[in-house]
Amino acid sequence: MESDLLLRDFRPRPEAVVQCTAIDRPRFEVVDAHNHLGELMPGLSFSGSWPRRPISQLLDVMDEAGVRAVIDLDGQWGDKLKREIDRYQMPHPDRFAVFAGLDYSQFSQAGFGEKLYRNLREAAAAGARGLKVWKPLGLSVRDPAGNLIAPDDARLADLWEAAGELKLPVLIHIADPVAFFRPLDATNERWEEMHAHPEWCFNTPGFPSFEQLIDQFAGLVCRHPHTQFIGAHVGCYAENLAWVSGLLDRCPNFHIDISARLGELGRAPYSARALFERHAGRILFGVDSPPNVRVYRLYYRFLETQDENFAYWIGDRPPQGRWMIHGLGLPDEVLRKVYSENARRLIRFG
């Protein structure tokens, strides 16, 4: 009998006898509104091997999984944006939509707000279908004086207003999971994940608190009612669904995607289902994981069934916290909107 066991070697097998429902295909057509298909820079990519594989193979995976279209958030700007559009959106306009990004190197330059504003107009003219904002905004990007730039910084107001005028939705990731901002001690529920990725620990001098960032984010959304914002990862605050629901109530221009947050949604299934039912018209499907049939099917199981106590991950060990999830069993009228209708209302195809 083992008397000592390292946490990294602990792999408990649940003995609860529960239903296991296989969902091979979604009940309705799917638009994956949060994915990555490009290379951000040499050696850095969240898209697996897809930038180097034939698009025909990607389409085969999508067809097998029942995914009609994918939003590619890796467009970036300039020539990179053009290459991404030429690879995916131009030859398959009904299957892919490419979002532009921000050039974070410009934040340290005088007049960065005006430069980013012009870049967005150029991206729209080149065919971008939206704008992706990464988490460095608020966390690490600084102005020419060395000050952190908050998400609601007034110098970015013209950028957000231009997105609304151009009808480009802004899919925005602010902050990170709350645990990343807490002390890395025995009380942190994502201790293993943060030890595997110490660069994700923001409980150190120089970073704002999670509460500061999320308040700034809410201020941004409220100040630009004519711009459609999509809060990535359940509105950037999946641990507090009441807060997310409150911002959705206050701001008709606010939407959320569910990407990479099955672990959070599935451990609070009653609150999650209430959120989906109350705000069915403003929740988008997305996985934020290289297109993979098994991953898509896991999301379908979570959304469509009432299965209990199952893993939210694919693989040997949990990537985030050590808990299981429960399915929501959403009704058809909610599934239709979440799977594709909401994305198609916000994002142009063709």
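I took a disulfide to be a pair of cysteine sulfur atoms within 2.5 Å. The model is predicted, so I kept local features to pLDDT of at least 70 and side-chain atom pairs to pLDDT 80 or more, while totals for chains, interfaces and linings use all residues. Residues are numbered from 1 along each chain as its sequence is written, and side-chain values use heavy atoms, with hydrogens and water left out.

**Cysteines**

I counted 0 disulfides by that rule. I checked Cys-201 and found its closest cysteine sulfur in Cys-236, 19 Å away, which is too far for a bond. Cys-201 is buried at 16% relative accessible area.

**Helix 11**

I used DSSP runs, numbered from the N terminus: helices are H or I of at least four residues, strands are E of at least two. Helix 11 spans residues 269–278, and its buried residues include Pro-269, Ala-272, Leu-275 and Phe-276. Seen down the helix axis, the buried residues fall within an arc of 120 degrees, so they line one face. I took that arc from the directions between the axis and the C-beta atoms. Tyr-270 and Arg-278 are exposed on the face turned away from the buried side. I noted the general rule: an α-helix has 3.6 residues a turn, so residues three or four places apart point the same way.

**Cores**

I defined a nonpolar core as buried Ala, Val, Leu, Ile, Met, Phe, Trp, Tyr and Cys residues joined through side-chain atoms within 4.5 Å. The largest one has 100 residues, and Phe-107, Trp-160, Phe-217, Phe-276 and Phe-285 touch the most other members. Helix 12 (residues 293–304) gives this core its largest share, 8 residues. Another core, of 14 residues, lies apart from it and includes Val-31 and Phe-99.

I found 6 strands in an open sheet, ordered 4-5-6-7-8-9, with parallel pairing. Strands 4 (100–101) and 9 (283–284) are the edges, each pairing on one side only. Pairing needs at least two DSSP bridges between two strands. Strand 4 meets strand 5 (residues 131–133) through 2 bridges. Ala-100 has Leu-131 of strand 5 as its bridge partner.

Terms used: Buried < 20%, exposed > 50% of the residue type's maximum accessible area, 1.4 Å probe, protein only.
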